[in-house]
Amino acid sequence: MINSTVGHQGEIALPDEVRDRYGFMPDTPIRIIETSTGILIIPMTDAPMSQELEQELLAWQSLGVDTSTRLQDRTAWRSNEEAR
């Protein structure tokens, strides 16, 4: 497990080993996928998606996690959860 801190402007510092493992370079665009239990941060590079990541996303999708549309902001999501 790796811990980090959210800075004053919302930035998150990723350790070198995580950046290297997932190909995060300065200014790498990312996709943030909100799930019911956390957040996935996926680098959007020209490299093809690894088979492992593809299988993991398929597993999340089978649980009803929506990775194809823009997700609601956190406040709206909480309101939906509280209404249930």
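Which residues make the nonpolar surface patch of about 540 Å²? Val-6, Ile-12, Ile-30, Ile-32, Ile-39 and Ile-41 make it. Patch members have over 30% relative accessible area and no salt bridge, and nonpolar side chains are joined within 5 Å. Strand S1 (30-34) and strand S2 (39-43) are the elements that give two or more residues to that patch.

Before I go on, this is a predicted model, where local features need pLDDT of at least 70, side-chain atom pairs count only at pLDDT 80 or more, and totals for chains, interfaces and linings use all residues. Numbering starts from 1 along each chain as its sequence is written, and side-chain values use heavy atoms, with hydrogens and water left out.

Let's look at Ile-12, found in the segment before helix H1 (16-22). Ile-12 counts as partly exposed because its relative accessibility is 46%, and that class lies between buried, under 20%, and exposed, over 50%, with a 1.4 Å probe and protein chains only.

Now to the strands, which are DSSP runs of E with at least two residues, while helices are runs of H or I with at least four. S1 and S2 run antiparallel, joined by five bridges; pairing takes at least two. They form a hairpin with four residues between them, and Arg-31 stands opposite Ile-42 in S2.

Finally, the pocket lining. The largest pocket is lined by 41 residues, and Tyr-22, Phe-24, Ile-41, Ile-42 and Pro-43 lie nearest its centre. S2 supplies the largest share of that lining, five residues. Thanks, everyone!

Technical notes:
Patches are made of residues with over 30% relative accessible area and no salt bridge: like charges are joined within 9 Å, nonpolar side chains (Val, Leu, Ile, Met, Phe, Trp, Tyr) within 5 Å. Accessible areas come from the Shrake-Rupley method with a 1.4 Å probe; for residues, only the protein chains shown count as cover. A salt bridge is a side-chain nitrogen of Lys or Arg within 4 Å of a carboxyl oxygen of Asp or Glu. On a 1 Å grid over the protein atoms alone, a cavity is a set of points where a 1.4 Å probe fits but cannot get out, and a pocket is an open set with protein on both sides within 12 Å along at least five of seven lines; lining residues have an atom within 4 Å of a point.
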